[in-house]
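Subject: Structure for you to look at

Hello,

Here is the structure I said I would pass on. Please open it first, then read the notes below it.

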Amino acid sequence: MLKNLTLHKVTNYEAMSQKAAEIFAEAVNANPTGSFGFATGSTPIGMYKALTQMQKNSQTNLSKITAFNLDEYYPIKANDPQSYAYFMAEHLFTETGITKSHIPNGEAKDPQAECEAYEQKISSTGGIDMQILGIGTNGHIGFNEPAQNLLATTSYVPLAEATIESNSRLFASPDDVPRHALTMGIHSIMMAKRILLLASGASKAEIIRQTIYGPITTQVPASLLQLHQDVTIIVDSDAAKNL
Ligand code: GLP
């Protein structure tokens with residue numbers, strides 16, 4: 001395994017969540033007014049719960065950070081319970097008092113202009129100190145789907161069929177899943193000083209193997225992380241079973 005990658009194999013989802021929260025809290029404690037990048041999906045929910053608890057126990061304080069989210073569906077209303085804006089408020093921002101939060105606007109009239117403005121906001125804060133990532137079963141990070149070409153900066157993108165199908169579990173029907181998204185691009189993600197990627201469950205085992213040991217290919221967007229200087233990957237035993 002490459003030296004710039006640190007791998008933590010832990011027993012289960014709870015251990016993954018706890019370990020991730022500890023690493024993240026340490027980074028926030030070192031820079032309480034820094035910029036931090038957040039992900040959505042089922043994977044980081046336990047980590048966000050653990051961080052909320054740590055803040056209650058005065059082990060960290062997230063309220064002064066600036067938050068940037070990876071992505072948002074498009075179009076979607078911020079108050080739609082399926083939106084990532086709603087998800088972040090519910091799982092982390094409200095309880096920890098994070099008010100300087102940025103999420104691409106799924107209601108923007110001009111998605112292209114929204115992407116440019118979002119990218120500008122990230123760089124105006126001096127960049128992201130630590131970016132949390134989940135991973136799609138097809139290797140997507142954010143909504144950067146496998147493709148012949150990847151996009152560098154925040155972009156308006158179509159969702160892959162596999163992603164629509166896998167995310168449809170959270171919607172009333174697959175037809176309700178938005179077909180597009182606004183997502184930080186590969187450059188936006190790679191510019192983060194540190195990256196913390198979490199994966200849990202057997203459905204992620206093969207893509208985690210390819211991410212860490214496979215060739216670097218745009219067909220597995222997460223494999224590009226092999227080129228980043230400081231990546232920590234935390235996997236539970238099911239996600240680690242092919243390593
Ligand atoms: C979603 C998000 C990703 C997330 C991934 C995995 O579509 N855009 O940022 O990492 O899919 O989701 P889950 O954690 O639910 O497996």
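Which exposed residues does the face of α4 turned away from its buried side carry? They are E116, Q120 and S124. Before going further, note that this is a predicted model.

The helix itself

Helix α4 runs over residues 111-124, which makes 14 residues. At 1.5 Å a residue these should span 20 Å, and the end C-alpha atoms are 20 Å apart, so the two values agree.

The buried residues of α4 are P111, E114, C115, Y118, E119 and I122. Because they cover an arc of only 135° around the axis, they sit on the same side of α4.

Just after α4, G126 has a positive phi of about 90°.

The ligand

The ligand is surrounded by 15 residues, and the closest are S42, T43, D71, N167 and K204. A polar side-chain atom of K204 is 2.7 Å from a ligand oxygen, and a polar backbone atom of S42 is 2.8 Å from a ligand oxygen. On its own the ligand has 400 Å² of accessible area, and the protein covers 93% of that.

Regards

Conventions:
Residues numbered from 1 in each chain as written. Predicted model: local features only at pLDDT ≥ 70, side-chain atom pairs only at ≥ 80, totals over all residues. Heavy atoms only, no water. Helix = DSSP H or I, 4+ residues; strand = E, 2+ residues; numbered from the N terminus. Expected span 1.5 Å × (residues − 1). Buried < 20%, exposed > 50% of the residue type's maximum accessible area, 1.4 Å probe, protein only. Arc of directions from axis to C-beta. Near = heavy atom within 4 Å. Polar contact = N/O pair within 3.5 Å; in protein donor to acceptor, adjacent residues only side chain to side chain. Areas by Shrake-Rupley, 256 points an atom, 1.4 Å probe, with all protein chains shown as cover.
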